[in-house]
Amino acid sequence: MVSRVRVWLNRTYAENVFFMDQLRRNPSDRAVEIHATHGDADSPVLAAADTAELEPEGLSPAAYVEFALAQCRRRGIDVFVPRLHQSAVVAHRVEFEAVGTALLAPPPEAVAVFEDKIVAYEAVQAIGAPVPPWWRVRSAEELVAAVEELEADGHTACFKPASGAGGVGFRMITRSPFSMVHLSGFPSPYVPLDLVVEALRQADEPVDWLVMPRLEQPEVSVDCLTGPDNRVRLAVGRTKNGRRRGFTLHEQWLEPARRIAEGFGLHHLSNIQFRMYGDRPVLMDVNTRPAGGLHQLSLCGVNAPWAAVQLALGEDPGEITPPFLGQDYTVVSGPRPLRPVTLPQQRSQEPEPLLPAVPAPAGEPAEAAPADTGARAITPA
């Protein structure tokens, strides 16, 4: 009898409820139990899991590793998919293996390269993959110099933190003075240069920003599954152009993604994002973790989460080619159940009724998670 697989996701994005669904619907018909931890009792991943706990707040990376090791021992975790404190966790892979847990994450050297976007651009450029021009900016004077150079070449300048996840801190520079236009309609990512310069000059500490030209659509996120032998088993591009989403196997996107995944040993699941700079695709960002939209590959007949778990367990799924490319689609919000506020609640106990997700009352903040605004369903466009 084949034993069940126990998988743990820590403080992950709400959209990964679909990742969990795919693990349970795996083509091997293998029993999967999922453990989830989070800092927010209203995270839908807690309700979707078989067992769930709230994570302690304020732990240092080292203390978090001790917490994680204790979770793996106590819960009998076979595969751990770390998001929070990924770099600290992967540095202790041997300790996790000693308690019987495989890490579904790259080695520490690969994670370290992509923690800093500028270090990443320099390293990626060195292996011949395409990158846009960029500047590292720590002062108002450096920002103005970078913006002027970009504008002289006809580009709109944008900036974001040199380290960070998703679109947190991303802004685009405009020369238009602040006016009622900025207060009409929805909030805009555009910020007037003079206000940014003034804020920098009044700041107590220097910033660490990556400044670059605004890249154009389409955006293509290539989901890669890479083995410990540095060979890519799966690479599929998910295209984004406004509301419309689709899939691609065109080599202009897949070839540089494979070069990066294999060249840096991005073992297991990674997500490599490109946009257009003029008439050519260039690297935008690299995520050393499963993308929130990974489950969308199910529209191509691919169960990437399960293939990754197999790989982590030493069961090589071999090279995976999508049997077809799904039709274009869009992404819409949908309700997911939540747990009662009392945690932990385990499904081995008498289950309590789940509460439907409802919008937060006016004035109360929604859950903040990098690059995610809640669980979503996918719908053909």
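Predicted model: local features only at pLDDT ≥ 70, side-chain atom pairs only at ≥ 80, totals over all residues.
**Entry 1: the parallel sheet**

I began with an open sheet of five strands, ordered S3-S2-S1-S4-S5, with parallel pairing. Strand S3 (51-54) and strand S5 (102-103) are its edges, and each pairs on one side only. I then looked at S1 and S4. They pair in the parallel sense over three bridges. Leu-9 stands opposite Val-81 in S4.

Next I looked up which helices lie across this sheet. H11 lies across S1, S2, S4 and S5, running at about 110° to S1.

**Entry 2: the cores**

Which residues touch the most other members of the largest nonpolar core? I found Val-7, Leu-23, Leu-104, Leu-297 and Val-309, in a core of 38 residues. Among the elements that give two or more residues to this core are strand S1 (5-10), helix H1 (17-24), strand S2 (32-38), strand S4 (79-81) and helix H11 (304-312). H11 supplies the largest share, seven residues.

Setting aside neighbours within four places in sequence, Val-309 is in contact with Val-5, Val-7, Leu-23, Val-79 and Leu-104. There is also a second, separate core of 36 residues. Its members include Ile-118, Met-172, Leu-215 and Val-286.

**Entry 3: the mixed sheet**

I turned to another open sheet of five strands, in the order S6-S10-S7-S8-S9. Its pairing is mixed. Strand S6 (135-137) and strand S9 (190-192) each have a single partner strand, so one side of each is left without a neighbour in the sheet. Ignoring direction, neighbouring strands here are turned by 35° against each other on average.

Strand S7 (residues 157-161) and strand S10 (residues 209-213) pair in the antiparallel sense over five bridges. Cys-158 has Met-212 in S10 as its bridge partner.

Two helices pack on this sheet. H8 touches S6, S7, strand S8 (171-174) and S10, and its direction makes about 150° with that of S6. H9 touches S7, S8, S9 and S10, and its direction makes about 70° with that of S9.

**Entry 4: H8 against H9**

How do the axes of H8 and H9 cross? For helix H8 (residues 140-152) and helix H9 (residues 193-202), the axes come within 9 Å and cross at roughly 155°. That angle makes H8 roughly antiparallel to H9, because angles over 145 degrees count as such. On the H8 side, the contact is made by Ala-140, Glu-141, Leu-143, Val-144 and Val-147. On the H9 side I noted Leu-193, Val-196, Val-197, Leu-200 and Arg-201.

**Entry 5: helix H10**

I checked the length of helix H10 (residues 251-263). At 1.5 Å a residue, its 13 residues should span 18 Å. Its end C-alpha atoms are 17 Å apart, which agrees. Trp-253, Leu-254, Pro-256, Ala-257, Ile-260 and Ala-261 of H10 are buried. Their cover includes helix H7 (117-126), strand S11 (216-226) and strand S13 (244-248). Just after H10, Gly-265 takes a positive phi of about 65°.

**Entry 6: Pro-340**

Is Pro-340 buried or exposed? I found Pro-340 in the loop between strand S17 (337-338) and strand S18 (355-356). Its relative accessibility is 15%, so Pro-340 counts as buried. Pro-340 and Asp-42 are 298 residues apart along the chain, yet their C-alpha atoms are separated by 8.4 Å.

Conventions. Residues numbered from 1 in each chain as written. Heavy atoms only, no water. Core = buried A, V, L, I, M, F, W, Y, C linked by side-chain atoms within 4.5 Å. Buried < 20%, exposed > 50% of the residue type's maximum accessible area, 1.4 Å probe, protein only. Helix = DSSP H or I, 4+ residues; strand = E, 2+ residues; numbered from the N terminus. Contact = heavy atoms within 4.5 Å. Pairing = 2+ DSSP bridges. Axes fitted to C-alpha atoms, helices over the stretch in contact; angles between N-to-C directions. Expected span 1.5 Å × (residues − 1). Parallel < 35°, antiparallel > 145°, perpendicular 65-115°, else oblique.
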